[in-house]
Amino acid sequence: MLKLLFWLVVALIVGLFFAIRNANRVRAEQQEREQTRALESVRCAQCGVFVPEEKAVRRDGQDFCSWEHADQWHREHH
């Protein structure tokens, strides 16, 4: 009985080790994807400045660095 309890404790410790290791790996992959996404940028159709994609303004199928440039481009091209 004592041997069985010993092996159950060993199995539990090994299982916890692999579960924690897997969770850390998943978390690291998510952080890496977020950092990569933050590096993606688009070019303003009006002035040519590159801005992060998540901060860009999108209008008329174009990307802009600000609403002012989006409005200016829209007035000039429509």
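Contact here means heavy atoms within 4.5 Å, and in that sense Ala70 touches Val57, Arg59 and Phe64, leaving aside residues up to four places away in sequence. This is a predicted model, in which local features need pLDDT of at least 70 and side-chain atom pairs count only at pLDDT 80 or more, while totals for chains, interfaces and linings use all residues. Residues are numbered from 1 along each chain as its sequence is written, and side-chain values use heavy atoms, with hydrogens and water left out.

**Salt bridges**

- A search of the whole structure finds three salt bridges, a salt bridge being a side-chain nitrogen of Lys or Arg within 4 Å of a carboxyl oxygen of Asp or Glu.
- Arg58 forms one of these with Asp63, with the closest N and O atoms 2.7 Å apart.
- The side chains of Arg59 and Asp71 meet in a salt bridge at 2.4 Å, N to O; Arg59 lies in strand E3 and Asp71 in helix H2 (residues 67-77), so this pair ties together parts that are 12 residues apart in sequence.
- Helices (H or I, at least four residues) and strands (E, at least two) are DSSP runs, numbered from the N terminus.
- A salt bridge also joins the side chains of Asp60 and Arg59, at 4.0 Å from N to O, and Arg59, Asp60 and Asp71 are linked in a network of salt bridges.
- Relative accessible area sorts residues into buried (under 20%), exposed (over 50%) and partly exposed (in between), with a 1.4 Å probe and protein chains only.
- Asp60 lies in the loop between strand E3 (57-59) and E4, and Asp60 has a positive phi of about 55° although it is not a glycine.

**Asp63 and its surroundings**

- Asp63 is found in strand E4 (residues 62-64) and counts as buried because its relative accessibility is 19%, whereas its salt-bridge partner Arg58 is exposed, with a relative accessible area of 54%.
- The side chains of Asp63 and Arg58 are also joined by a polar contact of 2.7 Å, a term for a pair of N or O atoms within 3.5 Å where, within protein, one must be able to donate a hydrogen and the other to accept it, and where residues adjacent in sequence count only if both atoms are side-chain atoms.
- Leaving out residues up to four places away in sequence, Asp63 touches Val42, Arg43, Cys44, Ala45, Val57 and Arg58.

**Nonpolar core and surface patch**

- The largest nonpolar core has five residues in all, namely Cys44, Val57, Phe64, Ala70 and Trp73; such a core is a set of buried Ala, Val, Leu, Ile, Met, Phe, Trp, Tyr and Cys residues joined through side-chain atoms within 4.5 Å.
- In soluble globular proteins, nonpolar side chains tend to be buried together.
- On the surface, Leu2, Leu5, Val9 and Ile13 form a nonpolar patch with about 410 Å² of accessible area together.
- Patches are made of residues with over 30% relative accessible area and no salt bridge, with like charges joined within 9 Å and nonpolar side chains (Val, Leu, Ile, Met, Phe, Trp, Tyr) within 5 Å; accessible areas come from the Shrake-Rupley method with a 1.4 Å probe, and for residues only the protein chains shown count as cover.
- Leu5, a member of this patch, lies in helix H1 (residues 2-39).

**Loop residues and distances**

- Ser66 lies in the loop between E4 and H2 and counts as buried at 19% relative accessibility, while its side chain reaches the backbone nitrogen of His69 at 3.3 Å.
- Gln46 is found in the loop between strand E1 (41-43) and strand E2 (50-52), and is partly exposed with a relative accessible area of 24%.
- Beyond residues up to four places away in sequence, Gln46 touches Phe64, His69, Gln72, Trp73 and Glu76.
- Gln46 and Asp63 are 17 residues apart in sequence and 8.7 Å apart in space, C-alpha to C-alpha.
- Val14 of helix H1 is partly exposed at 40%; Val14 and Gln46 are 32 residues apart in sequence and 58 Å apart in space, C-alpha to C-alpha.
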